[in-house]
Amino acid sequence: MKRQLISEYIAQLEMKCNPTVEFLKTGIDSMDGLMNGVAMPSLNLVISRQANGHSAFGLSLFKAFTLLQKIPALYCTTYLFSTDVLNSIIGSELEIEVDKFNYLSAQEIKDIQRYVKEKLENAPLFVLDTSCSFLNLLHKIEVHILKDNLRVIFIDYFQLYHNNPKISRNKIFVALHKLSVEYKIAIFLFYTLNSKKRDLNQYEPAIYELNEFEALRKIPNTIISLFRPEYYGIKIDDSGYSTAGQAQITILKNDFGKTEQIYVNIKLKYNNFFVEQEKPPF
């Protein structure tokens, strides 16, 4: 146990001090300023409660990497079909609500066809929408990495894949971290917190909520929390600003930069997390 602890410590220290570590831009300037971008390699844990926009956040990053920067990325999901992911990307760009894709006008269909041809047809984006065990998922991801030269992986979300109680969370996180280092890729793992276990009136995700599973705190290179005050009926923040249509992104752990909060405007109906909010912190 001690030998493993020391080896993990040395590995993390070398990663922090490695001048050859590459950073990718997320598309959120203030977030890139805090994190220096997304490190390659890195394991990034995104935590939130239900209905706080974790899928919208993930899809926004997915779009920024694949469409804007032409970086090959894979989105793994069990509760969305690949067409849902594409609809979300198209809807965020053309401002079409996903629920309306079954009732499109002739002009909207033409706009979508043009957008697909111009933006999506040759984009290096890949979707894995199958339900499977985590071990099977890791195998499929590795196949995609070798076949499609992937550089970023999204797993949305952890609990839906962790369906074998015999495999501990610690082993899964160690395997993901090893995968990121071996192939020099960035992995985003989304984790939904149990709202029933939070303290009374503690709506904002806190890092102590991960104490139950040591690996959740120690192994990821970054831990990012998402929080929508408006969802909990908090209409005004501590500085007197309206929280309508806003999200708070907090960098709780960061091996490569600062730990701080940023604030963005969001349009959840379009799965858009990219409008910067110009105002002081809460």
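The following legends describe close-up views of a predicted model.

**View 1. Strand E9 and its burial.**
Strand E9 spans residues 246–254, and eight of its nine residues are buried. The strand is therefore largely enclosed by the rest of the structure.

**View 2. Pairing of strand E9 with strands E8 and E10.**
Strand E8 (residues 222–227) pairs with E9 in the antiparallel sense, over six bridges. Within this pairing, Ser-225 has Thr-250 of E9 as its bridge partner. Strand E10 (residues 261–267) also pairs with E9 in the antiparallel sense, here over five bridges. Ile-249 stands opposite Ile-262 of E10. Six residues separate E9 from E10, and the two strands form a hairpin.

**View 3. Salt bridge between Glu-22 and Arg-151.**
The model contains seven salt bridges, one of which joins the side chains of Glu-22 and Arg-151 with an N to O distance of 2.6 Å. Glu-22 belongs to strand E1 (residues 22–24), whereas Arg-151 lies in the loop between helix H6 (134–148) and strand E6 (152–156), so the contact ties together parts that are 129 residues apart in sequence. Glu-22 is partly exposed, at a relative accessible area of 35%. Arg-151 is likewise partly exposed, at 24%.

**View 4. Buried salt bridge between Glu-209 and Arg-49.**
The closest N and O atoms of Glu-209 and Arg-49 are 2.9 Å apart, and the two residues form a salt bridge. Glu-209 is in the loop between strand E7 (186–192) and helix H9 (214–218), and Arg-49 is in the loop between strand E3 (42–48) and helix H3 (54–68); the pair therefore ties together parts that are 160 residues apart in sequence. Both Glu-209 and Arg-49 are buried, that is, each has under 20% relative accessible area.

Arg-114 and Asp-111 meet through their side chains in a salt bridge of 3.0 Å, N to O. Both residues lie in helix H5 (residues 106–120), where they are three residues apart, about one turn of the helix. Arg-114 is partly exposed, with a relative accessible area of 43%. Asp-111 also counts as partly exposed, at 21% relative accessibility.

**View 5. Salt-bridge network of Glu-97, Lys-100 and Lys-269.**
Three residues are shown in this view: Glu-97, Lys-100 and Lys-269. Salt bridges link Glu-97, Lys-100 and Lys-269 in a network.

Methods:
Residues are numbered from 1 along each chain as its sequence is written. This is a predicted model: local features need pLDDT of at least 70, side-chain atom pairs count only at pLDDT 80 or more; totals for chains, interfaces and linings use all residues. Side-chain values use heavy atoms; hydrogens and water are left out. Buried means under 20% relative accessible area, exposed over 50%, partly exposed in between (1.4 Å probe, protein chains only). Helices (H or I, at least four residues) and strands (E, at least two) are DSSP runs, numbered from the N terminus. Two strands pair if DSSP finds at least two bridges between them. A salt bridge is a side-chain nitrogen of Lys or Arg within 4 Å of a carboxyl oxygen of Asp or Glu.
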